[in-house]
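This report covers a single chain. It starts with the fold as a whole and then turns to a few residues.

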Amino acid sequence: MLKKYLLVFIISMIPLIELRGSVPVGLSPLWGEALPIIPLYMVCIIGNMLPVPFIFFFARKVLEWGAEKKFIGKFFSFCLEKGEKGGKKLQEKAGKGLYVALFLFVGIPLPGTGAWTGTLASSFLNMDFKKSIIAVTAGVVLAGIIMGLASAGVFGAMGAIFS
């Protein structure tokens, strides 16, 4: 069981997969017994939030540095463009409700949204660190709830079909 907790913790830290992928893995019986929901959420949220301060303070600088390098330049440029586009869209749509928009952007589990992209966008927009962390954390919690409910429905249906 400890191995599965470690697996979901690591999956939660991976960009683009994050908590959206780790919650279904933790609830799935495919890799051993399904984990209890509350400890699973705690591990997934901590894993998803662990890189956030580093992303906020350092990712933009690293991406700008790497965008000009030969082998990594394309990927780093892609990440920079994604962060800038996400930040601009967020700012245009949100106006004064920027932190609420950040919360919803991170919280609705769609491809390309999540703590990594939301934090990078808040960094590009020079948003307040503490308010951004609160909005991103709340969004991660919301995404976890949505993914947990969706996973429970899918796995429950599979159990009914194959039982």
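## Terms and basis

Helices (H or I, at least four residues) and strands (E, at least two) are DSSP runs, numbered from the N terminus. This is a predicted model: local features need pLDDT of at least 70, side-chain atom pairs count only at pLDDT 80 or more, and totals for chains, interfaces and linings use all residues. Residues are numbered from 1 along each chain as its sequence is written, and side-chain values use heavy atoms, with hydrogens and water left out.

## Overall fold

The chain has eight helices and zero strands. In sequence order the pattern reads α-α-α-α-α-α-α-α. The radius of gyration is 17 Å, close to the 15 Å that the globule rule gives for 163 residues, so the chain is as compact as a globular protein of that length. That radius is taken over C-alpha atoms, and the rule is 2.2 Å times the number of residues to the power 0.38. Along the principal axes, the C-alpha atoms fill a box of roughly 55 × 40 × 25 Å.

Contact means heavy atoms within 4.5 Å. Among contacts between residues at least 6 apart in sequence, 69% join residues at least 24 apart.

## Surface and charge

Of the 163 residues, 43% count as buried. Buried means under 20% relative accessible area, exposed over 50%, and partly exposed in between (1.4 Å probe, protein chains only). The chain exposes about 9500 Å². Carbon and sulfur atoms supply 74% of that area. Areas come from the Shrake-Rupley method with a 1.4 Å probe.

There are 16 positive and 8 negative side chains. The centres of the two sets lie 1 Å apart. Lys and Arg count as positive, Asp and Glu as negative; His and the chain ends are not counted. Each charge is placed at NZ of Lys, CZ of Arg, CG of Asp or CD of Glu.

## Ser-123

Ser-123 sits in helix H7 (residues 115–124). Its relative accessibility is 8%, so Ser-123 counts as buried. Its side chain reaches the backbone oxygen of Phe-56 at 3.1 Å. Leaving aside neighbours within four places in sequence, Ser-123 is in contact with Phe-56 and Arg-60.

Most residues other than glycine have a negative phi. Glu-18 is not a glycine, yet has a positive phi of about 50°. Glu-18 lies in helix H2 (residues 18–27). Glu-18 is buried, at 1% relative accessible area.

Asn-126 also has a positive phi, near 55°. Asn-126 is in the loop between H7 and helix H8 (129–162). Is Asn-126 buried or exposed? Asn-126 is exposed, because its relative accessible area is 64%.

Key
Polar contact = N/O pair within 3.5 Å; in protein donor to acceptor, adjacent residues only side chain to side chain.
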